[in-house]
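Please read it with the coordinates open.

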Amino acid sequence: MVSFSRMQSSNTRIIEVLPAGLVAVFVGGTSGIGETTMKQLAKNTVEPRIYFVGRSTEAATRIVAELHDLNPAGEYHFIQADVSLLHAVDWVCREIQARESVVNLLFLTPGVVSTSQGSDTIESLYYPTAVTYYSRIRFIVNLLPLLQKASHLRRVVTVFGAGKESLLDGDDFPLFPGRYHQAGPLQTIDHGSLSTMMTLALESLALEAPNISFVHSFPGFVKGSSTNSSPKTGGVIRAVFKVVGALPLFEAGERHLFLATSARFPARDGVHSRIPTAGVRLGQGVSVARGTDARDGSGVYSVNFDGESVAFKVQDTLQQLRDRDMVRRVWQHTIKEFTRVTGSAFV
């Protein structure tokens with residue numbers, strides 16, 4: 001476990017270690033953990049260029065003003081899009097590709113709108129699965145070349161269900177309603193299966209891009225957040241929770257800034273080097289994290305809000321899945337769906 005004070009100490013050193021002009025993309029940045037982490041990044045960096053993607057222009061206007069107050073030297077660009085649609089994801093990525101030659105950080109927190117939970121998208125993907133899995137992986141695949149070109153920090157963070165991975169039925173990858181259950185008034189997805197697909201897809205991506213680190217986090221309950229992951233209901237629900245011991249939203253932002261910038265989470269090819277792409281150097285009492293394959297610094301990390309690996313909880317499950325060739329099968333399925341919907345594996 002990494003104490004909150006050590007995380008804060010690491011965050012204060014970002015300005016000393018990472019160069020001016022870092023480029024960050026936040027998907028789901030108009031509320032909750034995405035918004036608060038984005039503000040922490042703006043506060044702790046020099047002349048950042050931040051793109052954030054969401055639905056609400058009203059929220060975006062407020063956030064841009066607040067970001068300028070935090071760091072007047074930064075550049076802040078809102079892109080309005082419905083990221084449940086892969087065609088919209090491709091359009092957003094083309095916009096970023098036209099403006100930037102590198103991306104240092106891709107931070108993914110898009111949430112599910114409750115009124116759309118029981119429906120399919122016009123692209124024939126079940127809405128919660130489209131938002132929480134296919135859309136996120138499409139952003140990563142599309143922006144992977146820009147991430148690989150960065151001379152400093154290269155990282156992807158997806159906030160969802162780390163440590164909740166479960167055995168996966170390879171005959172039902174899309175996770176359509178037959179695999180769903182009722183949890184109160186909202187129909188929710190099979191959280192474990194979707195978390196599994198996320199982790200296995202990240203492992204496949206790390207093989208393709210060993211110079212990028214991938215962090216899958218579980219934030220727990222966060223006060224005032226519009227997206228909270230609940231292990232009891234098994235899904236991501238749009239709500240404001242009042243839970244004893246829940247993290248304040250600002251603290252969740254500081255913790256996730258640590259996940260996004262610390263050298264505790266190096267890429268596969270950077271664990272034994274001091275190259276700046278690893279992130280902010282480790283402070284006293286902080287070591288390199290253990291990856292999802294039970295090896296230190298192996299490039300893909302399943303962590304909770306205190307920066308500790310939780311993959312050990314499901315290590316046997318993940319190994320069973322690897323033994324069944326599920327990393328390859330999940331990836332083949334994902335690319336098949338990308339091609340079916342958009343006509344291409346990436347843009």
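In strand β2, the bridge partner of Val25 is Tyr51. This pair belongs to a predicted model, in which strand β1 (residues 23–27) is joined to β2 by 5 bridges, the two strands running parallel.

- An open sheet is formed by 7 strands in the order β3-β2-β1-β4-β5-β8-β11, and the pairing is parallel.
- Because β3 and β11 (300–304) each have a single partner strand, they stand at the edges of the sheet, and one side of each is left without a neighbour there.
- On average, and with direction ignored, neighbouring strands of this sheet are turned by 15 degrees against each other.

**Helices packed on the sheet**

- Helix α3 (residues 32–43) packs on the sheet and touches β1, β2, β3, β4 (105–108) and β5 (155–159), while its direction makes about 165 degrees with that of β1.
- Helix α6 (residues 127–149) also packs on the sheet, where it touches β1, β4, β5 and β8 (213–218), and its direction makes about 175 degrees with that of β4.

- Strand β2 (residues 49–54) and strand β3 (residues 75–80) run parallel and are joined by 6 bridges, with Tyr51 standing opposite His77 in β3.
- On the way from β2 to β3 the chain passes through helix α4 (residues 57–70), and this β-α-β crossover is right-handed.
- A right-handed β-α-β unit is likewise made by β1, α3 and β2.
- Between β1 and β4, which run parallel, there are 4 bridges, and the bridge partner of Val27 in β4 is Leu108.

- When its neighbours within four places in sequence are left aside, Ala24 is in contact with Leu41, Arg49, Ile50, Tyr51 and Leu105.
- Ala24 and Pro48 are 24 residues apart in sequence, and their C-alpha atoms are 7.6 Å apart in space.

**A helix pair**

- The axes of helix α5 (residues 86–99) and helix α10 (residues 326–342) come within 9 Å and cross at roughly 90 degrees, which means that α5 is roughly perpendicular to α10.
- Where these helices meet, Leu86, His87 and Asp90 in α5 face Phe338, Val341 and Thr342 in α10 as contact partners.
- Sorted by class, the contact of α5 with α10 has 3 nonpolar, 2 polar and 1 charged residues.

Methods:
Residues are numbered from 1 along each chain as its sequence is written. This is a predicted model: local features need pLDDT of at least 70, side-chain atom pairs count only at pLDDT 80 or more; totals for chains, interfaces and linings use all residues. Side-chain values use heavy atoms; hydrogens and water are left out. Axes are lines fitted to C-alpha atoms, for helices over the stretch in contact, and angles run from 0 to 180 degrees between N-to-C directions. Angles under 35 degrees count as roughly parallel, over 145 as roughly antiparallel, 65 to 115 as roughly perpendicular and the rest as oblique. Contact means heavy atoms within 4.5 Å. Ala, Val, Leu, Ile, Met, Phe, Trp, Tyr, Cys and Pro count as nonpolar, Asp, Glu, Lys and Arg as charged, and the others, Gly among them, as polar. Two strands pair if DSSP finds at least two bridges between them. A crossover is right-handed if, with the strands pointing away from the viewer, the path from the first strand over the helix to the second runs clockwise.
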